[in-house]
Structure formats: C-alpha cells, structure tokens
Amino acid sequence: MNDSESTFRPGETLTRLYPEVRAGGYTRHDGFIEFYTRVNALLAPDSRVLDFGAGRGLWAIEPFPDLHRMLRSFHERVAEVHGVDVDPVVLDNPTLASAQVIEPGALLPFADASFDLVLADHVLEHVGEADAPTVAAEMLRILKPGGWIAARTPNKWGIIGIGARAVPNDLHTRVLSRLQPHRKAEDVFPVRYSMNTRRSLSSLFPAPNELVVYGHASEPTYFGSNAPAWRVAQLVDRLTPPALAPTLMVFVRKG
C-alpha cells in the first residue's frame, strides 16, 4: 500500500457536518476514540489480551486516522494480544501473537484465568441466542479475577439495531453496498442481537461481576455519504433518550 492509499482523508459529508475533523482527523462524537481510550485505561504493560472476533485486522491494513491507529495499536504496548474468530481471515491478522479459528458458541481454547482483558469490538451483535450464555461464560472463565471484558456493540433498541433487524441478513451486503460503497463484502456478517440490551447483559454477566453499560451516539456513518440522512440521524440522536442510544459501550469486571 503506497502513501496515498494508506492516508486517511475525511469524506465530504463528515467534513461538512463535523468541521472539527480537519483538526486531527476525528470528531467530538467519535465512538472509536471514546471506546479505545477507555480500553487503554484498563491495560498495563504486562497485560494479556484476547481479541474476540479479531477478524483480519481491518484497522491495521485500511486507511485510519493516526489517533485511531495509535489507540488501537495497544498490541505494541502490552505483553501479548491473541485472537480468535469464526472467520479464517483471522489467520492473516498481522497484529496478533497467535490466531485461532473457532466455531460459533464453542469453548475457547485457553486455560482458566489466562487474560487480563477480553476485547469484543462490534462482535456481540453476531452471537446467536443459543450461543450467548456459552460465549459470556467462556469470556469470564478465561479472565483473571478483576479482569475486564470490553465490548462495543449496537443497541438492539437504537436506530442502528432497529434498522439492521428490519433488513433480512441475506440482504445486508446489498443494502450496505449502497449506503457504504467502500465497505467490503467480507466485512459484513449476519446479526442476531442476543447480547445487545441492558437486560440481556445483566442476565449474562450477573453479580458478583461488575457491569458498566452506557449509550453513545457517534457520527451516523452507517448512512454512507448521504448528508440529508446524516442530518435526520443527528436530530434523532438529539431527541433520543440515553437508554435508546445507537451504541452500547459495555465493560464487565470479573468478580
């Protein structure tokens, strides 16, 4: 990838509606920065991390703002980052100390209390209802006492979750190709929304674990470059109660 291909350039719609993006490449509503700033605050130089649903390491191989890439490159600042995914592309992820392909809902191939943090960034929405209890239990099992699960996922009752569930899974690639023409088909996966409400999360991660969940409204990039749609989404976000925010930031401390 040459310099011109690897340099992040904000789109016209993003720049017009969020002019501050020209100073540093991010907006005041940036969900990526919100999430990964908190993730980094939970890490130490000796931390062992599991990237659950690591994928092909999109952030490391596609154009990203420098600050985003710096925050996400915590594999350079911790002891180890290992990855698992149901998609074999994880084997090509260049940021992992090791990578393994797993079956949906399968037991994780790690010993008890192996990790200080389990990361699941836009992964929980793909877990089916039958698999959710096992996925939650396995995340907790491999965590050290006091360790953290850090997840970012659409709110089932937010605008993203409602919109995604309104479109059949087999049409997602076609719809997203129109809304987000630069998004590759291999980065689109079926959604289930079995771990995407405060109630379901409370049930899956009960006491004595400590559950921290809060809503966040980022830039409506899911509407591609459609400026009128962005403005409507901005208005909806301003009028929406916090409980119905588009994205849930989820942090679970193992009790």
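Tutor: Two strands pair if DSSP finds at least two bridges between them. The model discussed here is predicted.

Student: What makes strand E2 (residues 80–85) and E3 a pair?

Tutor: E2 and E3 are joined over 4 bridges, and the requirement is at least two; therefore they count as paired. Their pairing is in the parallel sense. Within this part of the sheet, Val 84 stands opposite Gln 100 in E3.

Student: Where do these strands lie in the sheet as a whole?

Tutor: The open sheet is formed by 7 strands in the order E3-E2-E1-E4-E5-E7-E6, with mixed pairing.

Student: Why are strand E3 (98–101) and strand E6 (210–216) called edge strands?

Tutor: Each of them pairs on one side only. Neighbouring strands of the sheet are turned against each other by 15 degrees on average, direction ignored.

Student: Which strands does helix H3 (residues 31–41) touch where it packs on the sheet?

Tutor: H3 touches E4, E5, E6 and E7, and its direction makes about 180 degrees with that of E5. H6 also packs on the sheet, where it touches E1, E4, E5 and E7. The direction of H6 makes about 140 degrees with that of E5.

Student: Why is Val 135 called buried?

Tutor: Its relative accessible area is 7%, and the term applies under 20%; therefore Val 135 is classed as buried. Val 135 has its place in helix H6 (residues 132–142). Of the 255 residues of the chain, 45% count as buried.

Student: Which residues does Val 135 touch, not counting those up to four places away in sequence?

Tutor: They are Phe 52, Gly 105, Val 127 and Met 195.

Student: What makes Phe 52, Met 195 and Phe 205 stand out in the largest nonpolar core?

Tutor: Of the 28 residues in that core, these three touch the most other members. H6 gives the most to this core, with 6 residues. Leaving aside neighbours within four places in sequence, Met 195 is in contact with residues including Ala 132, Val 135 and Ala 136. A second, separate core of 22 residues includes Leu 43, Val 81, Trp 148 and Phe 251.

Definitions and conventions:
Residues are numbered from 1 along each chain as its sequence is written. This is a predicted model: local features need pLDDT of at least 70, side-chain atom pairs count only at pLDDT 80 or more; totals for chains, interfaces and linings use all residues. Side-chain values use heavy atoms; hydrogens and water are left out. Helices (H or I, at least four residues) and strands (E, at least two) are DSSP runs, numbered from the N terminus. Buried means under 20% relative accessible area, exposed over 50%, partly exposed in between (1.4 Å probe, protein chains only). Contact means heavy atoms within 4.5 Å. A nonpolar core is a set of buried Ala, Val, Leu, Ile, Met, Phe, Trp, Tyr and Cys residues joined through side-chain atoms within 4.5 Å. Axes are lines fitted to C-alpha atoms, for helices over the stretch in contact, and angles run from 0 to 180 degrees between N-to-C directions.
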